[in-house]
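Welcome! Take a moment to look over the sequence and the model, and then we can walk through some charged pairs and pockets together.

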Amino acid sequence: GCQHTVAGMNRIAFGATVAALGLAAVVALPATITTTDNTASAQEGDEFVPVRPGQIEDPGSPGRLASGWSTDFDISAVPFDEIFSGGPGKDGIPAINDPRFEPIDAARSWVSGQGPVIAFEIDGDARAYPLAVLTWHEIVNDTVGDEPVIVTFCPLCNTGLVFERTIDGALHDFGVSGNLRFSDMVMYDRQTETWWQQATGIGIVGDLTGTKLEFVPSQIISLDQFAEAYPEGQVLSRDTGFSREYGRNPYVGYDTVDQQPFLFDGVTDGRLAPKERVVTLGEQDSETPISIPHSQLRAVGVVNLEFEGAPLTVFWQPGVTSALDGANISESEDIGGTGVFSAVVDGESLTFTSTVGGEPVITDEQTGSTWDITGRAIDGPLAGTSLEAANHGDHFWFAWAAFVPQTSIWTTDGVISPSEEA
């Protein structure tokens, strides 16, 4: 139970810490998932013909990475030298496969009001997954509102994402491979042992290479914020079947903004500090992805923008602690929570503003209604209305920039293009 400070550790020391503790050292967009025929010949004479989308001709040898796997390593979309062992091996960080839930009041006995949770709702079924648990397990295989999903959190990238887990009509469940690429968790599905990039939801090695999991919109907010929006919501229990120090942060100081990430072998994009938190819109193949730094978002509370032809609004409010700062998550820095939503209500595009300082209040200019961080109108003419949640990410900058280098950056002084320095 000793505490480990990540800041200043070299890779070897941190890797040893991780391996010894069996921690989540592994460390990103989205209605049925489609795959393509996998029977095409990989060779026609000397000409390489990919059998899967994105497959590359010579990924190199997986070497020791292949030990203990039934994955088809002849099919890969990435060079194997981009993939590293994070310390714990296959399932060394155990996914939760039979999640149990409890009412909000019961969860308050071990999750603080400002404690961060991944929150989302499907067909009236609202769930919250405390990062106090996900930091140690990284994946929850679940079914919410009759929709099979995986809830994922990569501590090394600060990336919490939810995906559907039905692929071509077949149910898949996922585990933690123990490997990293660009410091981001590599997941695997137990049906085909395809390897998947958590930050993008795309298969990168094996039978389902090139398949993209469909995203389920979610957000990282506090337990109090979740309770206000969904008083009957359910919270993932710490009764997981595993013995872990839920609530303790095994990555003390890891979110130091200018610190280099663990086992990151890519090029860091100097437009922002490596661990600046960013709200992200778009995917790897988007033409105009955009990032909104938390530091900029905090200054205004709300950002209204058009993305791929659709008016969106991005909210920020305080009251959410970091899962990667202090030794105890409940006592860590308040980094705030975010939400991204369609700005359209009943066919009309709304413009949102926020007061700044104290406890910010978000209102829309058209009706003067007041809105919460989950996109619900809580007062005014539109009270009871909910904005439609939009797909987005909430990452450390280095991870998003590694996978989506063509991203622009929104600032209060204008947009910084991919070719510019901040």
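## A buried pair

Arginine 277 and aspartate 255 join their side chains in a salt bridge, at 3.2 Å from N to O. A salt bridge here is a side-chain nitrogen of Lys or Arg within 4 Å of a carboxyl oxygen of Asp or Glu. Arginine 277 sits in strand β19 (residues 277–281) and aspartate 255 in the loop between β18 (234–236) and β19, so the pair ties together parts that are 22 residues apart in sequence. Helices (H or I, at least four residues) and strands (E, at least two) are DSSP runs, numbered from the N terminus.

Arginine 277 is buried, with a relative accessible area of 8%, and aspartate 255 counts as buried at 9%. Buried means under 20% relative accessible area, exposed over 50%, and partly exposed in between (1.4 Å probe, protein chains only).

## About the model

This is a predicted model, in which local features need pLDDT of at least 70 and side-chain atom pairs count only at pLDDT 80 or more, while totals for chains, interfaces and linings use all residues. Residues are numbered from 1 along each chain as its sequence is written, and side-chain values use heavy atoms, with hydrogens and water left out.

The structure has 13 salt bridges. One of them links arginine 127 with aspartate 142 (3.1 Å, N to O). Arginine 127 belongs to strand β6 (residues 125–130) and aspartate 142 to strand β7 (residues 139–144), so this pair ties together parts that are 15 residues apart in sequence. Aspartate 125 also meets arginine 127 in a salt bridge, at 2.8 Å from N to O.

Through shared partners, salt bridges join Asp125, Arg127 and Asp142 into one network. Arginine 127 is buried at 11% relative accessible area, and aspartate 142 is buried at 7%.

## The largest pocket

The largest pocket holds about 510 Å³ of space. Its lining has 28 residues, and Phe120, Glu121, Pro217, Glu388 and Ala389 lie nearest the centre. (On a 1 Å grid over the protein atoms alone, a pocket is an open set of points where a 1.4 Å probe fits, with protein on both sides within 12 Å along at least five of seven lines; lining residues have an atom within 4 Å of a point. A volume is the space filled by probe spheres set on the points, which are joined across faces, edges and corners.)

Strand β5 gives the most to this lining, with 4 residues.
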